[in-house]
Amino acid sequence: MTSEVRVSAPAKINLHLGVGQVRPDGFHPLVTVFQALGLYDELTLRPARTSSLTVSGEDVDVTAVPTGSSNLVLRAVEALAAHHGRTDLAVSCHLRKRIPVAGGLAGGSTDAAAALVGVDSLFELHTPRQELHDLAAGLGSDVPFCLHGGTALGTGRGEELAPLMSRGDYWWVLLPDDEGLSTPAVYSAYDLLGHHAEPEPPTELLAALRVGDVARVGELLHNDLAPPACSLRPDLAEVVAAGEECGAFGGLVSGSGPTVAFLCGDAEHAAYVDGRLQETLGTAPGIVVKAPAHGARVVGARVGGIYQ
């Protein structure tokens, strides 16, 4: 019997985020290009009498992370149990956070994806992938992508995915911010800006990804939520401009912010840009990560007292 599983789940970035007019159901239609980053939270799950969650941070402030029933991890556990009509799928969870909290990197969403994968493995449920995807979509718009990883085109509210061909490696310098931004607040600010056209697929960006033209991808980075995010945090626009002046191929506010991300050509280029940013802005070292990365997956399991 499996007594413990460990699941890693990636942060994500939106290389392109086009946002339309709010729909009657309260969601916004999106056309987005997701890319999973080699920055992972880790979730450890064990069978228990009742489900619970503890959280620790690795160079991440986790004081704002709820540990009660509102946390997406526990909501994912409940959703999978209900899907299977089971009342015996309680788990003790420990979440080790490496992804900045409320940073626009899908940290909460990817933890939910990790919970779906982990509970499914721990109890050998063998849930079909499409059913996991549907459960993920019920938990949040970014959760399905965090299950799949890689690079993908997202439509609908982001939950409808089409894998994309993406050649080469993409190196990012992430500059987190201790002052998180509320995603609903950013969307509300976006709505106040007026009427928005229906978003369309970014054909030039997709072409650049297919051939692995990282510099061109950097030029084509786009985020419709950047203006409202910067209206709430004007300093973010200055950070984006500084990174481009420091030699990055391109930069943007990640998702609803406040993390700012800069695309570089390789590890050496990323280290150079990171160093220049520290000199220019007086900031702490950024987080250098490689992409694309895998989606949520089991990376270890204890079976019969032996860790595999």
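The buried residues of helix H3 pack against helix H1 (72-84), H2, helix H4 (143-148) and E6. Those buried residues are Leu132, His133, Leu135, Ala136, Ala137 and Leu139. Buried means under 20% relative accessible area, exposed means over 50%, and partly exposed lies in between (1.4 Å probe, protein chains only). Helices (H or I, at least four residues) and strands (E, at least two) are DSSP runs, numbered from the N terminus. An α-helix has 3.6 residues a turn, so residues three or four places apart point the same way.

This is a predicted model, in which local features need pLDDT of at least 70, side-chain atom pairs count only at pLDDT 80 or more, and totals for chains, interfaces and linings use all residues. Residues are numbered from 1 along each chain as its sequence is written, and side-chain values use heavy atoms, with hydrogens and water left out.

**Overall build**

- The protein has 10 helices and 13 strands.
- Its radius of gyration (over C-alpha atoms) is 19 Å, close to the 19 Å that the globule rule gives for 308 residues, so the protein is as compact as a globular protein of that length. The rule is 2.2 Å times the number of residues to the power 0.38.
- Along the principal axes, the C-alpha atoms fill a box of roughly 55 × 45 × 40 Å.
- Buried residues account for 53% of the 308 residues.
- Contact means heavy atoms within 4.5 Å. Of the contacts with a separation of 6 or more, 77% are between residues 24 or more positions apart.

**Surface and charge**

- The protein exposes about 13200 Å², and carbon and sulfur atoms supply 52% of that area. Accessible areas come from the Shrake-Rupley method with a 1.4 Å probe; for residues, only the protein chains shown count as cover.
- There are 20 positive and 36 negative side chains. Lys and Arg count as positive and Asp and Glu as negative; His and the chain ends are not counted.
- The centres of the two charge sets lie 8 Å apart. Each charge is placed at NZ of Lys, CZ of Arg, CG of Asp or CD of Glu.

- Five of the five residues of E10 are buried, so the strand is largely enclosed by the rest of the structure.
- Val260, Phe262 and Cys264 point one way from E10, while Ala261 and Leu263 point the other way.
- Two strands pair if DSSP finds at least two bridges between them. Strand E7 (residues 170-175) runs antiparallel to E10, joined by five bridges.
- E9 also pairs with E10 in the antiparallel sense, over four bridges.
- Leucine 263 is the bridge partner of tryptophan 172. Leucine 263 is also the bridge partner of glycine 250.

**The loop between E9 and E10**

- The E9 and E10 hairpin has six residues between the strands, and glycine 255 there takes a positive phi near 55°.
- Serine 254 is found in this loop. Serine 254 is buried, with a relative accessible area of 0%.
- Beyond its neighbours within four places in sequence, serine 254 is in contact with Lys12, Ile13, Gly103, Gly104, Leu105, Asn223 and Thr259.
- Proline 258 sits in the loop as well. The peptide bond from glycine 257 to proline 258 is cis, with omega near 5°.

- Strands E5 (residues 151-155) and E6 (residues 160-163) run antiparallel and are joined by four bridges.
- Glycine 154 stands opposite leucine 161 in E6.
- The hairpin has four residues between the strands, and glycine 156 takes a positive phi near 70°.

**Other backbone features**

- Proline 292 is in the loop between strand E11 (287-291) and E12.
- Alanine 102 is not a glycine, yet has a positive phi of about 55°. Alanine 102 is partly exposed, at 42% relative accessibility.
- Histidine 126 also has a positive phi, near 55°. It lies in the loop between H2 and helix H3 (129-139). Histidine 126 is exposed, with a relative accessible area of 65%.

**Threonine 44**

- Threonine 44 lies in strand E2 (residues 30-47) and counts as buried at 9% relative accessibility.
- Leaving aside neighbours within four places in sequence, threonine 44 is in contact with Glu4, Val5, Arg6, Ser92, Cys93 and His94.
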